[in-house]
Amino acid sequence: MKKITFLLAATIFFVSAKTNAQDDANRDCIVKYNLFKGDYQSKKYDDAYTNWIYLMDNCKDLSVSIYQYGSKLAEDIKKDPALAKRVFEQRLQYFPDVDPAKVHSDYAEYLLANKLGTDDEVFNLLDKAYKLDPTRMGVKNLYIYFQGVTDRNKDTNPQLVFDTYDDVVESVGEKLDGYAKKILELSDSTRVLDTREKNNLKAYTINSKALGQIEGGLDRMISELATCERLIPLYRRDFDENRGNVTWLKRAVSRMFYKECQDDPLYAELAKAYAEASPSPEAYAFLANVLENSGDSKGATEMRQKSFDLETDPLKKANYKLKFAQAAQSRGQLSSARSLAREALRYNPNSGKAYLLIGRLYASSANSCGDDEFEKRMVYAAALRQAQKAASVDPSIYALASRYIASYKGSLPTKKVIFTASKTIGQSHTIKCWIGETVTIASSD
């Protein structure tokens, strides 16, 4: 009995000692953490560093802030790559559910920027981030990830490339639409913005510009792969098993529309199937194009109106008008295309794409809207004005608009051509034919 009592007492003493040790350790962790956090926030980084290393070694799961603050200490203050990698690895191990997509994305970006990982290591981290939540990835990383998917699958699995492209572009598009609505609201000339609203507008503009560059880069990357010669046999092969797949049909018909593959009978089949599977405004918009191509202009007009009337979102209404304008452009109906683009601007005055489309319509008419070199080149002044307007109102297409601006400026008449035409820089000039706009004479040199 005495032996049992002794063992029981010893066990209680051991457990109590262990518990006391754990309590002491926990107290030490909390004290060290508070000291670290206070020094860090006071920018006493050397003092913070000592306690932070203790936390990294002994209190790994105390708080995610150890890693959120610690990344700056490792990367920017100490510039220690091995330590920075440890921060990422321990955070993913002990706080796997705290914004993991962003952490994987940031880790990949750090490895890439400092040349610390192989292409496969970087891609695998981005792949994890993308599968967790692509909206939490950095803009640049989305582009790098899609480049990796394209390089690895363009010859063996192009459908995967297209699917990834669509997912990324839809994610980017949702963000752009959100920023566009906020920018439009804050751009109201009748409003007086306070400091917070001015800062928000600046942030929305910067983010929109960055996302727009990524969207353009993705389009250029896939343009070589997504040709009609590739798309038609691929979609023909998979059409039967996807007749009821709304997402697949939407993406297939959309890609064939924008790649100008509408002449193939498959486009009409896809558009009709999409309208049956999803009787939506967007589906009717594509169906209107089919009716137009088949010679049923009246039916096409009615279908476009149906599509437009069913939509309630002003930005989406603008996009439909723009889509109708693009279809009119492809049929050579330039004046009609301009009218539709202007209607799009009624619903979204900040639609840079609408302004760019009008500019392209003008530029395409340069040779037919003048009797001599001066008059033909002055058409580019009208196109330039549209591109400049696009750049000024829509940050998401600023980079694209800048390229058009440079091109149109280079196509203006030279000083010699202006002099030969007995004109003067700064004078007004009215462009002939369907354009009918008055512009200011300027030179390319």
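Analyst: Gladly! A disulfide here is a pair of cysteine sulfur atoms within 2.5 Å. With the bonded cysteines of the chain numbered in sequence order, they pair as 1-2, 3-4, 5-6. This is a predicted model, in which local features need pLDDT of at least 70 and side-chain atom pairs count only at pLDDT 80 or more, while totals for chains, interfaces and linings use all residues. Residues are numbered from 1 along each chain as its sequence is written, and side-chain values use heavy atoms, with hydrogens and water left out.

User: What makes cysteine 29 and cysteine 59 a disulfide?

Analyst: Their S to S distance is 2.0 Å, and the cut-off is within 2.5 Å, so the pair qualifies. The torsion about that S-S bond is about -85°, so the disulfide is left-handed. Cysteine 29 sits in helix α1 (residues 2-41), and cysteine 59 in the loop between α2 (45-58) and α3 (65-77). For these elements, helices (H or I, at least four residues) and strands (E, at least two) are DSSP runs, numbered from the N terminus.

User: What is the handedness of the link between cysteine 369 and cysteine 433?

Analyst: That link is right-handed, with 85° about the S-S bond. Its S to S distance is 1.7 Å.

User: Why is cysteine 369 called buried, and what is cysteine 433 called?

Analyst: Buried means under 20% relative accessible area, exposed over 50%, and partly exposed in between (1.4 Å probe, protein chains only). Cysteine 369 has 2%, so buried is the label. Cysteine 433 has 38%, so that residue is partly exposed.

User: How are helices α13 and α14 oriented to each other, and why?

Analyst: The axes of α13 (residues 281-293) and α14 (residues 297-310) come within 8 Å and cross at roughly 170°. That makes α13 roughly antiparallel to α14. Axes are lines fitted to C-alpha atoms, for helices over the stretch in contact, and angles run from 0 to 180 degrees between N-to-C directions. Angles under 35 degrees count as roughly parallel, over 145 as roughly antiparallel, 65 to 115 as roughly perpendicular and the rest as oblique.
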